[in-house]
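This report examines selected helix contacts and individual residues of the structure shown below.

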Amino acid sequence: MVGRRHRADAADIHHGGVGVGVQRGGWHRARGRPACRARLRRAIDPLLASYYSVPTFVFYPLLVALLGLSMAPLVVLGVLSAVPAMVISTLVRVGQHHPRAAQGGAGAAARGGGAPSSPSCCRPPCRPCSAAFKLALSYALIGVIAGEFILSGSGLGYAISYAYQAFDNRTMYGLMLFVLLVAVLANAVLYTWEGRLARRRVRS
Amino acid sequence: MSAAVSRSIGRRGGNDPRYAGLLVVVLLLWQAVGSWTEGMAITGPLTTFAYAGRLVLTAAFWGQVWATLAAFLLAFVLSAVCGLLLGLGARGAAASPAT
């Protein structure tokens, strides 16, 4: 019975993977079973590694066609741009603090163990989260501004695009300066938060 | 150790004088290119700052800012939550044994 289930899980991954797995309820099974989650992770890894080789903006016209010319396609574009960076950064930084996690499931199995037993070992450190947040912030801002630049009815990207097409350099650079200030300010807020977290860790 | 961490945080927070030097160099380069192209390709920093100062006083500008910030904040929060959950979920997968 167990062997049959494992074969079914493996078939989920092999047959084009995630989509088929999700459709057949594989995701719920994957959440429940660590071995299946490890296989799912190995199936998704190449996708994450090569995600940014195709610009997400190519899907923006499709998103506009599906969701209409509103805020929704811009938000989806921002999320599509930022989520993989967030996932990769979380995985990498947690792996640095968690050697057995970085070695992957096979490495952990070879050492005769499953998930680490110590709670402090399992606890994700604060620094990986803040680094991932900074990446997500940059990618989300780029996604939204670029989406507005391509096709939108409002927003700073739209205004920059309008000024660019009208050869209005002063407006264009003024708006770009403002976007730069927004990005710097948002990053400064995250740096301050990261510094507070680090200081709290040193104190405790 | 605490002092070292505080120094490191302070330096990364922008208190390092090298950042100010880099900023001055960038502004000088920007002004040089602006003067060289006579504002045709790129307007100089002084003109840009002055114009941006006037721009922020207009109501239309804040309408555009609000549209962008709303989409950006929503995208950031959604991607942070989804990315963190997926990343930590995949970390659990990596830490688990493979059969």
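## Surroundings of B:Thr43

Leaving out residues up to four places away in sequence, B:Thr43 touches A:Asn169, A:Arg170, A:Tyr173, B:Trp30 and B:Thr48. The model under discussion is a predicted one. B:Thr43 is located in the loop that runs between helix H2 (17-36) and H3 of chain B.

The relative accessible area of B:Thr43 is 7%. A residue counts as buried when this value is under 20%, and B:Thr43 is therefore buried. The side chain of B:Thr43 is also joined to that of B:Thr48 by a polar contact of 3.0 Å.

In chain B the secondary structure amounts to four helices and zero strands, and the pattern along the sequence reads α-α-α-α. Of the 99 residues in chain B, 36% are buried.

The axes of H2(B) and H3(B) are 8 Å apart, and the two helices pack at an angle of about 100°. Angles of 65 to 115 degrees count as roughly perpendicular, so H2(B) and H3(B) are roughly perpendicular to each other. From H2(B), the residues B:Leu27, B:Trp30 and B:Gln31 meet B:Pro45, B:Leu46, B:Thr48 and B:Phe49 of H3(B). This contact is made up of five nonpolar residues, two polar residues and no charged ones. B:Trp30 and B:Thr48 are also among the residues that B:Thr43 touches.

## H3(B) against H11(A)

H3(B) also takes part in a contact with chain A. Helix H11 (residues 169-203) of chain A and helix H3 (residues 45-55) of chain B have axes that come within 8 Å and cross at roughly 80°. H11(A) is therefore roughly perpendicular to H3(B).

On the side of chain A, the contact involves A:Arg170, A:Thr171, A:Tyr173, A:Gly174, A:Leu175 and A:Leu177 of H11(A). Their partners in H3(B) are B:Thr47, B:Thr48, B:Phe49, B:Tyr51, B:Ala52, B:Arg54 and B:Leu55. The residues of the contact comprise seven nonpolar, four polar and two charged. A:Arg170 and A:Tyr173 are also touched by B:Thr43.

A:Phe167 belongs to the loop between helix H10 (156-165) and H11 of chain A. Most residues other than glycine have a negative phi. A:Phe167 is not a glycine, yet its phi is positive, at about 55°. The relative accessibility of A:Phe167 is 75%; since the exposed class begins over 50%, A:Phe167 counts as exposed.

Which residues of helix H5 (residues 60-67) of chain A are buried? They are A:Tyr60, A:Leu63 and A:Val64. Because these residues cover an arc of only 100° around the axis, they lie on the same side of H5(A). A:Ala65 and A:Leu66, on the other side of H5(A), are exposed. After H5(A) comes A:Gly68, with a positive phi near 90°.

## B:Leu78 and chain A

B:Leu78 is part of helix H4 (residues 59-95) of chain B. Apart from neighbours within four places in sequence, B:Leu78 is in contact with A:Val75 and A:Val79. The relative accessible area of B:Leu78 is 39%. This residue is therefore classed as partly exposed, a class that lies between the cut-offs for buried and exposed.

Key: Residues are numbered from 1 along each chain as its sequence is written. Chains are lettered from A and ligands numbered from 1 in the order in which they are written. This is a predicted model: local features need pLDDT of at least 70, side-chain atom pairs count only at pLDDT 80 or more; totals for chains, interfaces and linings use all residues. Side-chain values use heavy atoms; hydrogens and water are left out. Buried means under 20% relative accessible area, exposed over 50%, partly exposed in between (1.4 Å probe, protein chains only). The arc is that of the directions from the helix axis to the C-beta atoms. Axes are lines fitted to C-alpha atoms, for helices over the stretch in contact, and angles run from 0 to 180 degrees between N-to-C directions. Angles under 35 degrees count as roughly parallel, over 145 as roughly antiparallel, 65 to 115 as roughly perpendicular and the rest as oblique. Contact means heavy atoms within 4.5 Å. Ala, Val, Leu, Ile, Met, Phe, Trp, Tyr, Cys and Pro count as nonpolar, Asp, Glu, Lys and Arg as charged, and the others, Gly among them, as polar. A polar contact is a pair of N or O atoms within 3.5 Å; within protein, one must be able to donate a hydrogen and the other to accept it, and residues adjacent in sequence count only if both atoms are side-chain atoms.
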